[in-house]
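Subject: Structure handover

Hello,

Here is the structure I promised you. Please open it first, then read my notes below.

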Amino acid sequence: MSLDDQQHVVWLLDYVAGNIRSLVNAIERTGFSVRWIRSPQDLQKAGRVIFPGVGHFQHCLAGLEEGGYVEPLKRYIASGKPFMGICVGMQALFEGSDESLHQSGLGLVKGRLARFHEKTKSVPQIGWNSASIVSGESVYGLRRHSKYYYVHSYAAPYRREDWPGWYVATTTYGDEEYIGAIAKQNILATQFHPEKSGVAGLRVLEAFLNDKFLAAETGQALALPTGLTKRVIACLDVRSNDQGDLVVTKGDQYDVRDKDGVRNLGKPVELAKRYYAGGADEITFLNITSFRNNALKDTPMLEVLRLTSKQVFVPLTIGGGIRDVIDPDGTKYTALEVAREYFASGADKVSIGSDAVMAAEEYGANGETLTGKTAIESIARAYGSQAVVVSVDPKRVYVADPEDTPHHTLRTELLGPHGENYCWYQCTVSGGRAARDLDVHQLVTAVAAMGAGEILLNCIDRDGAKSGFDLELIRDVKHSVSIPVIASSGAGSPEHFAQVFRETPVDAALGAGMFHRGEYSVWDVKSHLLKEGILVRDERVEEESI
Ligand code: 1PR
């Protein structure tokens, strides 16, 4: 390869076959192409390297050691050629991590990673937060008023005296200040994911790829509050309509048909692009007819993901059909293999519905013992907990007295049809078609124990009702688990988002129908939240840079 070619090539060190389709797409968007480091010798050929660590610290470092990469990688970095570490790829540069006490890191940066304190906040941290260079410069395109997408449970606590000669960008989560990015000459390492951080992240990536080390911060340096934002998510329920076209649809209490057949509210990729441009913090696709058997490789959602992830640079979640499957030709795939197809096509997280209910039932029946074999456990092991969302489809069941049911009840202000003031939430499967003898509290505590990273909390009673989120359900689930929870079902106006963030500690809120029907845009919601003093990512402060 000639030097000219090398100038637009970046080499990726991805020996664990992680879910880095998004990173490849973001790099290609900047006009660079990707080559893969397949052996330690490839590091000698490489002129620019990105190391996107995935999963567990120990898994990442042990993989480097077993592959014989440690010394060649250190030599590569010492040679002064450009190197970027992302997420665990940044953590690997430190001396060690409390995630794995016996595993050393590369030791190029002083200090070790510690787990976030769980008592006062959700762990992992999932969402948009800052990365402000302590000395004030804009290094590698990092800007003080920008927000970047983070997903992690371990962080490098910031200590002013520890990194002479480095530019350090810090951020805060609750009362903990930690390193969001660190840079020095040829090295840039970010705890956040630039490839999933919209325009702000693409700017950082582009600056690294083009050696724009120090640049004056352009635009107004706004003094915006630091800290994790609340996320606004757009959800697209996708299925084939009666003509066989893949459409975004939306039901009322999960019924997506009206007199003309399946409601058609638009094309999945087009709507996803519109919501991204409008400031959505994440996009979720749910394949709502996943219970029908399709050949895995022909699943149309794979193509939807491929196309979307080339143009949408915020996290993409895909749900529906993440379970062990048998193709019509008899080929069997494990849930992990199914998930792998989705990750390879551009998903950042998978969402598991029915299979999680079955797994939780088994967990309960076996005296709350983990088998290590569930879809949640196997996908979390391979891709990290943050990549596994559990989607919950509950229905409210009223009781006059908590003694009337063995299930976890709560006192409700919204009385039942016979004046009942207690209720429990019954889990369902197959898109609400079958109710199970399991309550939401049992489900969410079980899946959290299995390693799920986040709960997508729907509510069939509220779905499509436009009457606001079920605050009682949301509060109860937030008290039951320490992982992040996304409120879903019932959003009908921007004020419903403000209400759920004001009145519950929920981490994110999702809307579907109100966006698809064009009643409100994502920006309508965000501007209302900003007016109400609720911290959200404000995409307007970014101008398109590439
Ligand atoms: O069980 O793992 O195959 O997953 C199937 C997935 O499909 C589940 O996540 C399940 O929630 C979803 N699903 C199945 N059937 C339907 C349906 O509507 N008939 N959609 C369905 C669930 C609910 C929300 C909706 C919110 C917000 N959709 O995602 O977007 O309620 O709506 P709103 O803001 O308009 O009120 P598996």
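Start with D463. In this predicted model, a polar side-chain atom of D463 lies 2.6 Å from an oxygen atom of the ligand. S391 also uses its side chain: one of its N or O atoms is 2.7 Å from a ligand oxygen. G321 works through the backbone instead. A polar backbone atom of G321 sits 2.8 Å from an oxygen atom of the ligand.

How much of the ligand does the protein bury? Taken alone, the ligand exposes 760 Å², and the protein buries 98% of that. The space that the ligand takes is the second largest pocket.

Now look at what surrounds the ligand. Two elements each give two or more residues to the shell: β17 (231-240) and β33 (508-511). There are 26 residues around the ligand. Of these, S290, S354, D393, D463 and S489 come nearest. Which classes make up the shell? It has 14 polar, seven nonpolar and five charged residues.

Next, zoom out to the whole chain. The protein chain has 17 helices and 33 strands. Its radius of gyration is 23 Å, close to the 24 Å that the globule rule gives for 546 residues, so the chain is as compact as a globular protein of that length. Along the principal axes, the C-alpha atoms fill a box of roughly 75 × 55 × 50 Å.

Most peptide bonds are trans, and most residues other than glycine have a negative phi.

Where is the cis peptide bond? It joins V123 and P124, with omega at about 5 degrees. P124 is found in the loop between β7 (112-115) and β8 (125-129).

The other detail is C87. Its phi is near 55 degrees, a positive value in a residue other than glycine. C87 belongs to strand β4, residues 83-87.

Then move on to P124 and C87.

Best wishes

Key. Residues numbered from 1 in each chain as written. Predicted model: local features only at pLDDT ≥ 70, side-chain atom pairs only at ≥ 80, totals over all residues. Heavy atoms only, no water. Near = heavy atom within 4 Å. Polar contact = N/O pair within 3.5 Å; in protein donor to acceptor, adjacent residues only side chain to side chain. Areas by Shrake-Rupley, 256 points an atom, 1.4 Å probe, with all protein chains shown as cover. 1 Å grid on protein atoms, 1.4 Å probe; cavity = no way out; pocket = protein on both sides within 12 Å on 5 of 7 lines; lining within 4 Å. Sits in = over half its atoms within 2 Å of the grid points. Helix = DSSP H or I, 4+ residues; strand = E, 2+ residues; numbered from the N terminus. Nonpolar A, V, L, I, M, F, W, Y, C, P; charged D, E, K, R; others polar. Rg over C-alpha atoms; globule rule 2.2 N^0.38 Å.
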